[in-house]
Amino acid sequence: MSTIRITKQFSFETGHALYGYDGKCKNVHGHSYKLSVTVSGKPIADNTNVKFGMVIDFGDLKKIVNEEIVDIFDHATVFNKNTPHVDLAKELMDRGHHVLLVDYQPTSEMMVIDFAEKIKGRLPENIKLHAIKLQETDSSFAEWYASEN
């Protein structure tokens with residue numbers, strides 16, 4: 001049976017700030033992120049299986065990505081926990097805001113690395129994460145490929 005890649009797309013709104021950056025992104029701002037997750041595997045050959053002919057049910061992939069990423073990052077503000085932004089984060093949390101403190105600079109590049117690890121840990125053994133694309137604007141995105149990592 002052939003190996004097939006399937007892709008599911010997601011979207012979420014997230015704010016962040018890049019501490020120490022020398023441009024506008026040092027300020028708190030947000031993006032309407034578009035996330036594409038591509039996995040690969042062989043379609044199920046057992047015609048008695050309710051998932052017959054599928055690599056993975058799109059609904060199952062959606063559940064994994066929503067639980068690990070979208071539900072957590074959507075409408076959150078993300079800061080690197082190793083910067084003075086921690087004081088701002090605490091103030092926002094005290095006021096009821098959804099804030100995430102991560103151990104990396106919250107760039108698209110670092111976010112796709114984080115997302116890849118989270119998704120890989122939840123996929124069934126016979127399904128491999130092939131690629132992730134995180135688009136932060138119409139013309140800017142970061143990509144992660146298993147073949148390069």
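This is a predicted model: local features need pLDDT of at least 70, side-chain atom pairs count only at pLDDT 80 or more; totals for chains, interfaces and linings use all residues.
**Notebook: rings, histidines and salt bridges**

Residues are numbered from 1 along each chain as its sequence is written, and side-chain values use heavy atoms, with hydrogens and water left out.

**Entry: aromatic pairs**

I searched the whole structure for aromatic pairs and got three. Rings of Phe, Tyr and Trp (its six-membered ring) pair if their centres lie within 6.5 Å; planes under 30 degrees apart are stacked, over 60 edge-to-face, and the rest tilted. Phenylalanine 12 and tyrosine 33 form a stacked pair, with 5.3 Å centre to centre and 25 degrees between the planes. This pair links distant parts of the chain, 21 residues apart: phenylalanine 12 is in strand β1 (residues 4-16) and tyrosine 33 in strand β2. I take helices (H or I, at least four residues) and strands (E, at least two) as DSSP runs, numbered from the N terminus. Phenylalanine 12 is buried at 2% relative accessible area, and tyrosine 33 is buried at 1%. Buried means under 20% relative accessible area, exposed over 50%, and partly exposed in between (1.4 Å probe, protein chains only).

I then looked at phenylalanine 73 and phenylalanine 115, whose ring centres are 5.0 Å apart with planes at 75 degrees, so the pair is edge-to-face. Phenylalanine 73 lies in helix α1 (residues 58-73) and phenylalanine 115 in helix α3 (residues 108-120), so this pair ties together parts 42 residues apart in sequence. Phenylalanine 73 is buried at 1%, and phenylalanine 115 is buried at 0%. Ring pairs join Phe12, Tyr33, Phe73 and Phe115 into a cluster.

**Entry: annotated histidines**

I checked the UniProt record, an unreviewed entry, where the annotation "binding site" covers His16, His29 and His31. They span 16 residues in sequence, yet no two of their C-alpha atoms are more than 8.4 Å apart, so they gather at one spot. UniProt positions are in the numbering used here, feature names are shortened, and annotations may be inferred rather than shown by experiment.

Histidine 29 is in strand β2 (residues 29-41) and is partly exposed at 22%. The side chain of histidine 29 reaches the backbone oxygen of asparagine 27 at 2.7 Å. Histidine 31 is also placed in strand β2, but histidine 31 is buried at 11%.

**Entry: salt bridges**

I counted nine salt bridges, taking a side-chain nitrogen of Lys or Arg within 4 Å of a carboxyl oxygen of Asp or Glu. Lysine 51 bridges to aspartate 60 with the closest N and O atoms 3.2 Å apart; lysine 51 is partly exposed at 24%, and aspartate 60 is partly exposed at 34%. Glutamate 67 and lysine 63 meet at 2.5 Å, N to O, and are four residues apart in helix α1, about one helical turn. I also found Lys63, Glu67, Glu68 and Arg122 linked in a network of salt bridges. Lysine 90 pairs with aspartate 94, closest N and O atoms 3.0 Å apart. Aspartate 94 is exposed at 56%.

Terms used
A polar contact is a pair of N or O atoms within 3.5 Å; within protein, one must be able to donate a hydrogen and the other to accept it, and residues adjacent in sequence count only if both atoms are side-chain atoms.
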